[in-house]
Each structure stands twice: as C-alpha cells, then as structure tokens.
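Please keep the coordinates open while reading.

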Amino acid sequence: MIRLLAVDIDGTLLDSRGRLPGAHHDALVEAVAAGIDIALVTGRSFHFARPIADLLPIPLTLVVNNGAVVKRKTGETEIRHLLAREAAQMVLAETRHLEDSVAVVFDRPDERQIVFERMDWSHPNRRGYYEKNKAFIAQTAALVSEILVDDPIQVMFNGSVAPMRALAQALRSLPVADRIAVAITEYESRDFSLVDVNAAGCSKGTTLARWARSRGLTRHEVMAVGDNLNDVDMLDFAGIAVVMGNATAALKSRGYSLTGTNDEDGLADAIRRYALNRG
C-alpha cells in the first residue's frame, strides 16, 4: 500500500510547456483523498517551486534543491542539508573558467537567495528562469566573499550538455569530492543542462528516505515518479519507481516502470495504476 507519493516537477508534474495538466491535478487530489501523502521533489528552489505547489489544493511537502531543503507548503523549514562554505569556495576556485555560468543558492529570506557574478541571463535557456526569479537574484562583485557569510544550499552551474557533462565528471575528481554531491539534469533537445553541487550525501533519494523514516514509513510504502538523471536516487529508494515517457534515454534504460509522457497525462495514469490500484 502506497502511503507517500514523491513527484518530480519539471517534465513530470508539468507538461512540456510548463503547465499543470488537469488530469495530473485531479489524480493528486484523488491520491490525497485516499490517504496518500504528497511530496514534490525537485531541483527547483523553494520560491520557484511554491507557485506550482499553490496550484494544488492539497497539503503537501516540498523537497527542493535536489534534496538540500525540505519545507512545508507554507514555507516552514523541516530539514536543511547545507553545503559547507569551505567546500563551496573550493568548488568555485576550481571552476573560475565558468564564472559566467555559475550562481550560489542560499536559504535566505531576502533577495540574495541566488547570487552570481557574471551570469549571462539573456541566454535563451536562462531568460525565462530569470524573469520568474529576478526578485530573488542578486549580483555580487565576488562570490567567494559572499559565501564567507554563511553556508549555501548549493553551487549551481548551467550550460550546454557536453561541457556540463565534462564539468560533472571533473567535479567528482576534485580533492574536495568527498565533501560534495553532484547532480546533473539534462535537456538534450534544448542542449541545456544543470549541474548542482550539494553537500556530500545529499540527493533527492537520501532526503526522501529521511523524510519517509520521519513519517514512520518504509521504502515499500513509497512511490516515486521522475524523468531525469537527478531523479535516480529517488527512484532507486522507492518501492515503486515510475519514469515518464518523455524521460531521458539513460533513465529509461535502468528498468523502472514506464508511463506515458507529460503531455499524455502520464503522471495521472501512473498514480491511478500503481498508487490507487485502478488498473
């Protein structure tokens, strides 16, 4: 019996145009009515995920920043797994050639939640993100001095797929590699990729496991649905793991159960089939 449903946002809950399909909305409402807890588990920061959560008239938990922070829908923090400032400084020191592709994310109440030095926000793959999040984004003369103030949530890179794959591999080989976790999210059709550097041991999966334990649940009572590489740990933890029809080929090759795409109400079909046992 499924008692906790973990759902990725982009590419899973939302369709290919970033909208919430009515079928997905209704299936989640049905799941809550059946006594299932909902967690939105995403690479997004809380302020970027909350507008999506607000579209759902149900109680839910937000696991954001690839597992670094767990918040209630109302904003109260339940869990934080921050990146040590010294480790963040080392990552930045080793990636100075990517100054125009990196920002540091903090858990702060003001506009300095996402801080950058030289990010080119006019890039087509960044412009939409900037427009939706500019109230929380601040520029600084030096990221290193900024993170001397407090521990960040993560260091966040973005760019084309090939260089971001190379970056992820390089980060995992740094002297500081045992103090960090590297998550990659790829959108090959747009030639765009995100690389998030969190604290060691931090991922969607480890935080989902921690959250489930705090609720007295075993992994066999958890179902997870995702579409991208940063969902692997979450899917591996869940007793029932489902990937979307639009998932990356690398994710599909891992043998998880498969549902329809995010434009074909795939999440709704998965919820009704595996969580609600309605065929």
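## Basis and a buried loop residue

A residue is called buried at under 20% relative accessible area, exposed at over 50% and partly exposed in between, with a 1.4 Å probe and protein chains only. At 2% relative accessibility, asparagine 65 therefore counts as buried. The model is predicted, so that local features need pLDDT of at least 70 and side-chain atom pairs count only at pLDDT 80 or more, whereas totals for chains, interfaces and linings use all residues. Residues are numbered from 1 along each chain as its sequence is written, and side-chain values use heavy atoms, with hydrogens and water left out.

Asparagine 65 lies in the loop between S3 and S4, where helices (H or I, at least four residues) and strands (E, at least two) are DSSP runs numbered from the N terminus. Its side chain makes a polar contact of 3.2 Å with the side chain of glutamine 154; such a contact is a pair of N or O atoms within 3.5 Å, and within protein one must be able to donate a hydrogen and the other to accept it, while residues adjacent in sequence count only if both atoms are side-chain atoms. Leaving aside neighbours within four places in sequence, asparagine 65 is in contact (heavy atoms within 4.5 Å) with residues including Thr42, Arg44, Phe46, Val105 and Asn198.

## The sheet

Eight strands form an open sheet with mixed pairing, in the order S5-S4-S3-S2-S1-S12-S13-S14, two strands being paired if DSSP finds at least two bridges between them. Strands S5 (77-80) and S14 (257-258) stand at the edges with a single partner strand each, so one side of each is left without a neighbour in the sheet. Strand S2 (residues 37-41) pairs with strand S3 (residues 61-64) in the parallel sense over three bridges, and alanine 39 has threonine 61 in S3 as its bridge partner.

Just after H11, asparagine 277 takes a positive phi of about 55°.
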